[in-house]
Amino acid sequence: MRRRMAVVTLILALASAGCAGGVKHYQREFLADRIMDQAATARERGTERHWLDTREGAAGGALGAGGGCACN
Amino acid sequence: MQLRRVAGAAVAGLLAVAVDAAGEPIVNANVHTFSDSRKNRVDSYLLEYQQPASRSWTLQLRGVLDRVHLPPLPGLPGSRQNVDAITAASRPVQNAAASKDSYLKQRKEITGTVAWRPAAGALRGAGSYYLSHESDFLGQQASFDVARDWNQGSTSLALRTAYGYDRITPDEHTGGDPAAKSRNTADLTLTCTQSLTPCLQAQIGAEVTSIRGFQNNPYRRVFAGGDILPEHHPEDRLRRAVFAQLDRYFTTRSSVSLNARWYGDDWGVQAGTFDTRFNQYVGERFIVRYRYRYHTQSGAWFYRDLYDVGDGVDGYRTADYKLRRFDSNLFGVKVSVPFEGTYPWLDGMVLDVKYERYFDSRSFAANVLEAGCSWPF
């Protein structure tokens, strides 16, 4: 399973590498659409981490793990 | 007290700059309920205020109140089931009578952020301070973000660094150690976002976190070698993760987002997470989102379901369900209703309602319900 995950990550990484050709400002209509908002997804993921950190041992990142916190 | 002082200073600062405000403030309010198959419930209330202070500077203030409701414990104090609590939250147990009462714990969190983003310029940055307070826990964190755009904004590189200090002062607990403990967390995250075509964008990133200090649950007990003993975890943990995301827009007014994350740490936990979301406009305004997330992880090298001796494995022992091997699934649906073009006073307002069902291979299940409102005015 881990190998499959690593392959998926590698494919996504390669897909985004070496593509510095750029998209012009006037071509960004779809990328700027509400349903393509990566920042909103990241904010939601931040809130979600709050409870996922209490269930899964692989969350990590911005805040520490475990302890006296009620939500841990 | 410290929380009040920080909140007061932050509000005063925001009011002071609001006089010269160069743009409209934005308010976000959100109510979130989490309930699981063990009858635990966490109600969260979030309020966020964003105030532009000039053309380049923005101030943000975010407050969260969590109310954690825990049911009476099923066993006697000291038994594994009881003190281990089988809950998503830690809970002190003072005596047998107290273990048969419901328990309520509150967590208050406040974050202040100053963000800088000049209208003309590829560089931007932000600094923030976070404070979280409970009866037995105080968490603080300072973080700094810097980002730069290239190729007319098609390529973006962002670096985030954070330092956290947590202080744990356990409440009175049957057989527990009341001595205060602490831990430090240092985090570094690098993210690169690239627009590939007018309909496709990708993001890759890496994250390293180092944690030093007390990382046990102060109330959780382990059944080891015929005794019931406190948890004992290593005091250092190095966590690493890489992630990638691909977002594709379709002319059917829909989009797909694929996200993968690989994680490993020096406690032996390795994990993979795959998250996919499908968004679809329905009619002029409604947006419906379907989501599926899969997570799989291995266990920590010192985790055992039962320990033969009191010393556990090399002196370490744990009853933390997060450190064992398991898989989990999450299905969800979310509906968003933006109010653009209806009434002028509602312009920009967005209502969100979300329901998600989470379950894992260890017979745990949870319902997550969230309702939110975002309103610029």
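Biologist: How many helices and strands does chain B have?
Modeller: Keep in mind that this is a predicted model. Chain B has strands as well as helices in its secondary structure. The tally is three helices and 18 strands.

Biologist: What average pLDDT does chain A get?
Modeller: In chain A, 53% of the residues score at least 70. Over residues 61–72 of chain A the pLDDT stays under 50, although the model has 59 contacts beyond four places in sequence for them. The average for chain A is a pLDDT of 68.

Biologist: Back to chain B: what share of its contacts with a separation of 6 or more comes from residues 24 or more positions apart?
Modeller: Chain B has 377 residues, and 33% of them count as buried. As for its contacts with a separation of 6 or more, the share from residues 24 or more positions apart is 57%.

Biologist: What is the phi of Gly121(B), in the turn between S4(B) and S5(B)?
Modeller: S4(B) pairs with strand S5 (residues 123–134) of chain B in the antiparallel sense, over nine bridges. One bridge pair there is Thr113(B) with Ser128(B) in S5(B). The two strands form a hairpin with six residues between them, and Gly121(B) in the turn has a positive phi of about 150°.

Biologist: Is Asn151(B) buried, partly exposed or exposed?
Modeller: Asn151(B) sits in the loop between strand S6 (137–150) and strand S7 (155–168) of chain B. Its phi is near 50°, a positive value in a residue other than glycine. Because Asn151(B) has 16 other C-beta atoms within 10 Å, it counts as partly exposed.

Biologist: What about Ser363(B), buried or exposed?
Modeller: Ser363(B) also has a positive phi, near 65°, and is a residue other than glycine. You'll find Ser363(B) in the loop between strand S17 (350–360) and strand S18 (365–376) of chain B. With 7 other C-beta atoms within 10 Å, and a cut-off of 12 or fewer, Ser363(B) is exposed.

Biologist: Which residue in S17(B) is the bridge partner of Val333(B)?
Modeller: Strand S16 (residues 326–338) of chain B pairs with S15(B) in the antiparallel sense over eleven bridges, and Gln297(B) has Phe326(B) in S16(B) as its bridge partner. S16(B) and S17(B) also pair in the antiparallel sense, over eleven bridges. In S17(B), the partner of Val333(B) is Tyr355(B).

Biologist: How far apart are the C-alpha atoms of Arg285(B) and Gly341(B)?
Modeller: Arg285(B) is in the loop between strand S14 (270–282) and strand S15 (286–297) of chain B, and its 14 C-beta neighbours inside 10 Å make it partly exposed. Leaving aside neighbours within four places in sequence, Arg285(B) is in contact with Val337(B) and Pro338(B). Along the chain Arg285(B) and Gly341(B) are 56 residues apart, while their C-alpha atoms are separated by 9.8 Å.

Biologist: Last one: which residues does Gly264(B) touch, not counting those up to four places away in sequence?
Modeller: Gly264(B) lies in strand S13 of chain B. It has 18 C-beta neighbours inside 10 Å, so Gly264(B) counts as partly exposed. The residues Gly264(B) touches are Arg240(B) and Gln270(B).

Key. Residues are numbered from 1 along each chain as its sequence is written. Chains are lettered from A and ligands numbered from 1 in the order in which they are written. This is a predicted model: local features need pLDDT of at least 70, side-chain atom pairs count only at pLDDT 80 or more; totals for chains, interfaces and linings use all residues. pLDDT is the predictor's confidence in each residue, from 0 to 100. Two residues are in contact if their C-beta atoms, placed from the backbone, lie within 7 Å. Helices (H or I, at least four residues) and strands (E, at least two) are DSSP runs, numbered from the N terminus. A residue is buried if 20 or more other C-beta atoms lie within 10 Å of its own, exposed if 12 or fewer, and partly exposed in between; C-beta atoms are placed from the backbone. Two strands pair if DSSP finds at least two bridges between them.
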